[in-house]
Amino acid sequence: LQSWFLLYFRDPEKQEIRMELSRGVGFTILNQTTGHGVVSDFEPRLFIEPIALDAQAETSSKRDLVHEDEHYEAPVARRTG
């Protein structure tokens with residue numbers, strides 16, 4: 001089982017949001033009784049271009065993204081075993 005995380009940091013000094021998409025590969029247990037812990041290592045780390053906080057976000061409606069005559073399917077299957 002692989003777990004991917006979208007990590008982000010809002011930097012008020014630089015007025016930007018920095019992000020990365022990373023797969024957790026290490027786990028450190030903090031409480032032996034409950035088994036609770038934290039992800040401690042990530043590999044790979046895919047860095048995403050920073051977003052300026054003062055930038056105007058471009059928006060578009062669903063109509064702009066998908067034409068009515070187009071059809072999209074995504075297979076979804078229940079895991080077994």
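**A close look at the salt bridges and their sheet**

Author: Let's start with Glu 20, which counts as buried at 9% relative accessibility. Buried here means under 20% relative accessible area, exposed means over 50%, and partly exposed is in between, using a 1.4 Å probe and protein chains only. Before going on, keep in mind that this is a predicted model: local features need pLDDT of at least 70, side-chain atom pairs count only at pLDDT 80 or more, and totals for chains, interfaces and linings use all residues. Residues are numbered from 1 along each chain as its sequence is written, and side-chain values use heavy atoms, with hydrogens and water left out.

Now, who does Glu 20 pair with? Its side chain meets that of Arg 45 in a salt bridge, 2.8 Å from N to O. A salt bridge is a side-chain nitrogen of Lys or Arg within 4 Å of a carboxyl oxygen of Asp or Glu. Arg 45 sits in strand 3 and Glu 20 in strand 2, so this pair ties together parts that are 25 residues apart in sequence. Strands (E, at least two residues) and helices (H or I, at least four) are DSSP runs, numbered from the N terminus. While Glu 20 is buried, Arg 45 counts as partly exposed at 47%.

By that rule, the count of salt bridges comes to three. Arg 18 has a part in the others: its side chain meets Asp 11 at 2.8 Å, N to O, and it also bridges to Glu 16, where the closest N and O atoms are 3.1 Å apart. Asp 11 is buried, with a relative accessible area of 9%, and Glu 16 is buried too, at 16%. Arg 18 itself is partly exposed, at 31%. What do you get when salt bridges share partners? Here, Asp 11, Glu 16 and Arg 18 are joined into one network.

Two strands pair if DSSP finds at least two bridges between them. Strand 1 and strand 2 (residues 16-29) have eight, in the antiparallel sense. Phe 5, for instance, has Ser 22 in strand 2 as its bridge partner, and Arg 10 stands opposite Ile 17, also in strand 2. The hairpin of these strands has four residues between them, and in it Gln 15 takes a positive phi near 55°.
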